[in-house]
Amino acid sequence: MRSLSSTLLAAQRGVSAQPYVKVTVEERVGGVVRLSWSRLYSGSEPDFYHAATLPGDGSLVRARVGNASPYWVYVQRVINPGPGSDFSPWSSFAQTSGSSGIAVASQGATVLLFFVDSDGLTVKCAQSDNYGASFGSPSAILTAAGAVGWLAADFNGSGVAALFYSVGGMVYVVKRTGGSWGAPTAWTNSLAAVNGLACAYAADWNVAISGQDAAGSRKLWTCVYGDGYSGGSGDWSSLMELTAASPNSNLEFYCPSLAYPDVFRLFFVEKYSGSDAYSRPFWSHSLPTAEFISNLWREPVPFDLSSTYGVALAYADSYAWLSSPSGVWRASLSPAALELTFDVLALEAESRPLSGRATVRLRNDDGRFNNPGAGQYAALQPGSQLQVSPGYVTPAGQEFSAGPAFWLEGWEHLSRDRQAVLVLYAGDGWRLLEKWRARRQFSWSTGSKNVFQLISFVLARAGLEFSALSSSSTISNLYPAFTIHPAESGADAVRRLLAMVPDVLFFRGNTAYSLNPQASDTSVYSYGSAGTGHAVLGGRYVQASGANHVQVYGNGVMSEGFSWAGVSLAYDSLLQVHDLNLDTPARVQARVARELRHREMETLGGEITVPANCGQELYDVIDVTDSPAGLSQAKRRVLGLSLVYSVEKRAAVYQHRLTLGGA
C-alpha cells in the first residue's frame with residue numbers, strides 16, 4: 001500500500017469527505033518523454049558521413065563529408081538554431097578520405113573536429129575555442145596500421161577527450177589529457193567488421209557499435225569503456241547485443257548515434273537489401289533509472305526518413321536535435337502536459353492480475369476537446385500517459401496519492417440531448433506488454449539469465465522498468481532455458497516467466513514491481529473495524545474449492561503436494577505442471593509449494609465496496625470486519641481493485657470495489 005499523510009488518512013475515513021481526483025495526461029511512455037520531432041530544414045546535400053554537436057553557447061555545429069572526389073570536410077555553425085534559421089551555408093575545411101567517418105565533440109567553448117586524412121590512415125583533429133566559430137589548423141594525432149573506418153568522440157567531466165576509431169573489426173581508443181594525446185589502445189572485444197561507432201559520456205564512456213561477428217551475424221551492440229563507474233578506468237566491458245539479424249537475412253545495421261539528454265537515446269540505420277529494399281533510421285532509448293551497462297532498451301522504432309548514413313543526435317538545454325547533411329530536426333525535452341482534473345465527469349480505473357484499464361468521461365459542452373492533440377491539448381494523443389491519482393480535500397489542501405499510470409488507446413465523442421462528452425480509453429503496463437511483439441526469436445540457454453533479468457528484458461522492450469518490493473529466492477536463483485518466439489507478445493512471455501516463480505507482478509505508476517506473497521504477511525489496512533472509521537459499504541464473500549493436489553514434473557525429477565483439508569472435503573482435484581527447467585528436487589518442490597499457495601489464495605473470494613482508499617494497491621493484505629456476514633478482522637488479499645468516481649448524477653460516487661482472495 002502506498003503511504004499516505006495523516007490528514008489524507010483521516011479524510012478518507014471521514015463520513016463527509018470531499019473527493020479530489022487528480023487526472024493528468026503527459027507525452028510520456030513508461031516515464032520517458034516521447035519526443036515529437038519537428039523538421040526545421042530540408043536541403044539537397046547528399047547523404048554521407050556527418051556529425052553534429054551543440055557547444056556551451058547553444059549554437060549548432062555540424063560537419064559532413066562531400067560524397068565526390070576529392071572528398072572535403074564541410075562545417076557549419078548556426079548561432080541560435082530554431083525555426084526560421086538558415087541551415088544551408090557550409091564552409092569547406094579540409095580534404096579527407098572518402099571511406100572514413102567524422103566526429104565532433106564539445107565542452108563549453110571547446111569544439112573538437114575529427115576526420116581522416118586523404119591517405120585513409122592518419123586521424124587529424126582541429127580545435128575551436130570559440131564555440132565552433134572558427135577552427136585552428138588540423139594536427140595529426142595518430143597514424144593507424146590499416147584503413148580507418150569510423151570515428152566517435154566525447155569529453156568526460158574533467159575535460160578529458162576520448163576518440164574511438166575502427167580499423168577492420170578492431171576498435172581503438174586514444175585519450176587527450178591536459179591538451180596532450182596519448183597512445184592508442186585496442187579494445188578487448190572482437191568483431192569481424194565494424195560499420196558504425198557512437199559514444200556518449202555519462203560517468204563512463206558508453207559506446208554503441210554496429211557490425212558483423214565471427215559467425216556472420218549482423219548486430220548492434222553496446223559496451224562500456226570504463227572511467228571508474230561501471231568499469232575500472234580503461235577497462236572494456238563485453239559486447240551486449242541490442243538487436244541482431246541472422247547471416248542470410250539481407251539485414252544489416254549501420255551508423256549508430258548516441259546521446260544522453262534525459263535518458264540514453266540511440267539512433268541507428270537498419271538496411272534491408274532484399275525485395276522491397278530500404279535503408280531507414282531506427283531509434284531506441286534506455287529506461288529512466290537503468291544504467292547503460294544493464295543494456296535495457298526499448299524495442300527500436302522506425303524513423304520517417306530514408307537514409308544510409310542515418311542521423312546525428314545531439315542536445316542542449318531543453319531540446320534534442322537530429323542532423324543529417326540535408327536535414328535538421330528539433331524536439332522539446334519537456335513533455336506536453338495537460339491537467340484534466342476539473343473536466344472529469346466520471347472515471348473507472350481498474351487494476352487486476354495481468355491486466356488493467358481506465359475509462360475517463362470529460363465534459364465537452366463548450367467543445368473544448370473537439371480537437372484533441374492540438375494547441376493546449378497537444379498532450380491528448382494516442383500513446384500519451386494518463387495518470388489517475390485519488391485524493392481528498394483535507395485541512396492541508398487538495399491531497400492525493402500518485403496512482404496508477406495508463407496509456408491512451410483512443411477516445412470517442414458522445415453527443416446526446418445537447419450534451420457533449422469525450423470518453424478516453426486507456427490501458428496499463430500490461431497493455432503495453434501486450435502490444436510489444438517479438439520481431440524475431442530471442443533465446444537464452446540455461447544459466448545465462450535468471451527469471452528477474454528475463455522479466456526485466458521483456459518489460460524494457462515495452463519501455464517499462466522493473467523492480468522488487470519483495471522477492472523469492474527462485475526469481476533470482478533460477479536461470480532457465482527460455483525462448484520468446486517471433487510474434488509472441490511481451491505479456492505472454494512475462495506470464496510464462498511468472499509461472500516459474502512464486503512471485504506476482506503489479507504496477508505502481510510507470511514501474512512494475514515483483515512481490516512474493518506470504519501467508520504470514522500482516523494486514524496493512526483495516527476495513528469495518530471499530531475505531532478505523534473506514535466503512536464497508538457492501539460485501540460479498542465467497543468460499544470456493546480448487547486444485548488441492550499438485551504434481552510437478554521436471555527434468556528427470558517429480559514431486560507432489562496436497563491441500564489435505566481440501567482433499568478431505570472435495571476429494572482429489574489434480575493440477576499437473578511440466579517444466580524441464582526444474583532439474584533438482586528442491587526446485588520441483590518449490591514449484592509445488594508455489595502452485596498450492598496460489599490455489600489457496602483463490603479459494604477465498606468475494607468483493608467489498610468501500611469509500612475510496614487513496615493508497616490501496618493490488619496484492620495488499622487487508623482485514624475486513626463485517627458483522628452481518630460473520631467476519632471479524634478476517635485477513636484477505638486484494639486481487640483486484642476498481643476506482644469508481646462520478647459527478648454526473650445527482651448522487652456523487654467515489655468508491656473502491658476490492659476483489660478479495662485468501663491472504
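1. Overall form. The model is a predicted one, and the protein in it contains seven helices and 49 strands. Its C-alpha trace spans about 90 × 70 × 50 Å along the principal axes. For 663 residues a compact globule would have a radius of gyration near 26 Å, and the protein, at 29 Å, agrees with that expectation.

2. When contacts between residues at least 6 apart in sequence are considered, 60% of them join residues at least 24 apart.

3. Charges as a whole. The protein carries 48 positive and 53 negative side chains, and the centres of these two sets lie 3 Å apart. Side chains of opposite charge can pair when their charged atoms come close. The count of salt bridges comes to 33, and the next points take up some of them.

4. A pair across the chain. Which parts of the chain does the pair of Glu-339 and Lys-22 link? The two side chains meet in a salt bridge, with 3.3 Å from N to O, and the pair links distant parts of the chain, since Glu-339 belongs to strand β29 (residues 337–339) and Lys-22 to strand β1 (residues 18–26), 317 residues apart. Glu-339 itself is partly exposed, its relative accessible area being 38%.

5. A helix tied to a strand. Arg-431 and Glu-409 form a salt bridge through their side chains at 2.6 Å, N to O. Because Arg-431 lies in helix α2 (residues 429–435) and Glu-409 in strand β34 (residues 405–416), the pair ties together parts that are 22 residues apart in sequence. Both partners count as partly exposed, with a relative accessibility of 33% for Arg-431 and 34% for Glu-409.

6. A further pair and a network. Arg-363 forms a salt bridge with Asp-365, and the closest N and O atoms of the two are 2.7 Å apart; Arg-363 is partly exposed, with a relative accessible area of 27%. Elsewhere in this note's list of charged groups, a network of salt bridges links Glu-348, Glu-350, Arg-352, Arg-357 and Arg-657.

7. Thr-243. Is Thr-243 buried or exposed? Thr-243 has a relative accessible area of 9%, and because buried means under 20%, the residue counts as buried. Its place is in strand β21 (residues 240–245), and once its neighbours within four places in sequence are left aside, Thr-243 is in contact with Lys-219, Leu-220, Phe-253, Phe-268 and Arg-440.

8. Ala-109. This residue lies in the loop between β9 (103–107) and β10 (110–116), and at a relative accessible area of 24% Ala-109 is partly exposed. Leaving aside neighbours within four places in sequence, its contacts are Ser-128, Asp-129, Asn-130 and Tyr-131. With Asn-130 the separation is 21 residues in sequence, yet 5.3 Å in space from C-alpha to C-alpha.

Key:
Residues numbered from 1 in each chain as written. Predicted model: local features only at pLDDT ≥ 70, side-chain atom pairs only at ≥ 80, totals over all residues. Heavy atoms only, no water. Salt bridge = Lys/Arg side-chain N within 4 Å of Asp/Glu carboxyl O. Helix = DSSP H or I, 4+ residues; strand = E, 2+ residues; numbered from the N terminus. Buried < 20%, exposed > 50% of the residue type's maximum accessible area, 1.4 Å probe, protein only. Rg over C-alpha atoms; globule rule 2.2 N^0.38 Å. Contact = heavy atoms within 4.5 Å. Lys, Arg positive; Asp, Glu negative; His and termini not counted. Charge placed at Lys NZ, Arg CZ, Asp CG, Glu CD.
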